[in-house]
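Take a walk through this model, one element at a time. Keep the viewer open and follow the numbering as you read.

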Amino acid sequence: MRILLTGGCGFIGSAVIRHLMRATEHSVLNVDCMTYAASTETVEDAAATGRYEFAQANIVDGAAMSHLFETFRPDAVMHLAAESHVDRSIDGPGVFIQTNVVGTYSLLEAARKYWLTLEPDAKKAFRFHHISTDEVFGALEANDPPFTETTPYDPRSPYSASKAASDHLVRAWYHTYGLPTFVTNTTNNYGIWHFPEKLIPLVTINAIEGKELPVYGKGDNVRDWLFVEDHAEALVKAVENGVPGETYAIGARQPRTNLEVVKTICAVLDELLPDPAGPRERLIRYVSDRPGHDFRYEIDPSHAEQALDWKAKHTFETGIRRTVQWYLDNRDWWEGIRARRYTGNRLGTVKE
């Protein structure tokens with residue numbers, strides 16, 4: 001299979017590429033415009049396979065997308081390119097609308113025009129796989145059942161609203177034009193090569209450096225955590241076997257409060273790299289909550305597990321241990337980012 005994959009130098013996209021190169025014979029064209037969060041190091045081993053190509057282009061550019069479809073001639077699209085950090089969407093929502101909404105529209109139109117030129121068998125086999133988030137479903141209270149594929153949409157942030165809009169566009173192109181699209185929604189991902197602005201890498205790096213560990217509010221917000229390599233495996237199974245018009249909610253059944261996450265990271269680091277100053281939980285600092293902070297996300301992945309013959313392999317504890325060890329072993333990567341692209345400053349403080 002020839003896969004045109006967008007956002008392949010980002011966190012989840014690069015994990016998908018590494019899985020494709022390691023576990024399949026598929027070929028990939030990685031289309032990435034290289035924003036602040038993109039890193040070529042994440043896929044540097046892919047070129048050696050002979051099945052990997054890279055194109056620096058913005059999905060908003062319809063002409064560029066059409067050219068890539070015409071020259072690469074994919075059998076499938078995996079659309080991961082997105083602005084994804086809620087705090088940044090609070091500070092500057094415009095780029096989220098452009099990338100996540102306009103960019104998805106541009107990619108859908110380029111895909112549709114290309115798809116119409118295919119021979120009948122290729123046209124039937126073509127897939128447009130849109131990768132999305134559980135945040136489109138809104139927020140859960142403590143005793144609410146987890147999200148499923150049929151949960152009504154109720155986005156609460158500029159980020160989740162932009163992703164909800166993109167999901168609706170993908171489904172509209174299926175129902176209106178017959179383009180064989182489907183959607184996957186996932187829980188919070190974590191793991192190696194994660195840009196340091198997100199909770200787990202930020203806390204891990206700050207703890208390594210002996211800096212304060214900021215926790216929003218009381219730390220009781222709940223997220224359902226999925227190790228990124230497990231997600232990558234699920235996404236590849238989806239593009240290989242996904243049914244047009246379907247939705248697959250992908251998760252690991254591992255909800256934790258933010259405070260539990262931070263304390264787990266501290267405990268693992270205290271074991272792997274003891275701090276002479278004492279246990280790292282002493283560094284935890286409670287800070288004012290961000291505007292509109294959703295209380296809880298959690299997915300019931302039963303349908304995806306059965307339909308895709310997939311289940312997350314990592315427990316939260318094994319995944320966190322692998323992640324923390326990776327950040328200890330790869331200081332050059334994140335120290336370079338700290339020096340040039342993101343210093344660890346707080347984002348998303350604009351008040352409602």
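Helix 7 (residues 199-209) has these buried residues: Ile-200, Pro-201, Leu-202, Val-203, Thr-204, Ile-205, Asn-206, Ala-207 and Ile-208. Buried means under 20% relative accessible area, exposed means over 50%, and partly exposed lies in between, with a 1.4 Å probe and protein chains only. Helices (H or I, at least four residues) and strands (E, at least two) are DSSP runs, numbered from the N terminus. The model is predicted: local features need pLDDT of at least 70, side-chain atom pairs count only at pLDDT 80 or more, and totals for chains, interfaces and linings use all residues. Residues are numbered from 1 along each chain as its sequence is written, and side-chain values use heavy atoms, with hydrogens and water left out.

Stay with helix 7. Nine of its eleven residues are buried, so the helix is mostly covered. What do the buried residues of helix 7 pack against? Their partners are strand 7 (188-190), strand 8 (213-216), strand 9 (222-227), helix 9 (258-272), helix 11 (316-329) and helix 12 (331-340). Contact here means heavy atoms within 4.5 Å. After helix 7 comes Gly-210, with a positive phi near 75°.

Three strands form an open sheet in the order 7-9-11, with mixed pairing. Two strands pair if DSSP finds at least two bridges between them. Strand 7 and strand 11 (255-257) are the edge strands, each pairing on one side only. From one strand to the next, the twist averages 50°. Axes are lines fitted to C-alpha atoms, for helices over the stretch in contact, and angles run from 0 to 180 degrees between N-to-C directions. Helix 8 (residues 228-241) packs on this sheet and touches strand 7 and strand 9. Its direction makes about 70° with that of strand 9.

Now look at strand 9. Strands of a sheet pair through backbone hydrogen bonds, either parallel or antiparallel. Strand 7 and strand 9 run parallel and are joined by three bridges. Asn-188 stands opposite Trp-225 there. Strand 9 and strand 11 run antiparallel, again with three bridges. Asp-224 stands opposite Pro-255, and Val-222 has Thr-257 as its bridge partner. Why is strand 9 largely enclosed by the rest of the structure? Six of its six residues are buried, so it is largely enclosed. Val-222, Asp-224 and Leu-226 point one way, and Arg-223, Trp-225 and Phe-227 point the other way.

Strand 1 (residues 2-6) pairs with strand 2 (residues 27-32) over five bridges, and Leu-4 stands opposite Leu-29.

Strand 5 deserves a stop. Its pairing with strand 4 is parallel, over four bridges, and Val-77 stands opposite Phe-128. Strand 5 also pairs with strand 6 in the parallel sense, over six bridges, and Ile-131 stands opposite Thr-184. Seven of the seven residues of strand 5 are buried, so it is largely enclosed by the rest of the structure. Arg-127, His-129, Ile-131 and Thr-133 lie on one side, with Phe-128, His-130 and Ser-132 on the other.

Follow the chain onward. Leu-140 lies in the loop between strand 5 and helix 6 (158-177). Is Leu-140 buried or exposed? Leu-140 is buried, with a relative accessible area of 7%. Leaving aside neighbours within four places in sequence, Leu-140 is in contact with Pro-145, Pro-146, Phe-147, Phe-295, Arg-296, Tyr-297 and Glu-298.
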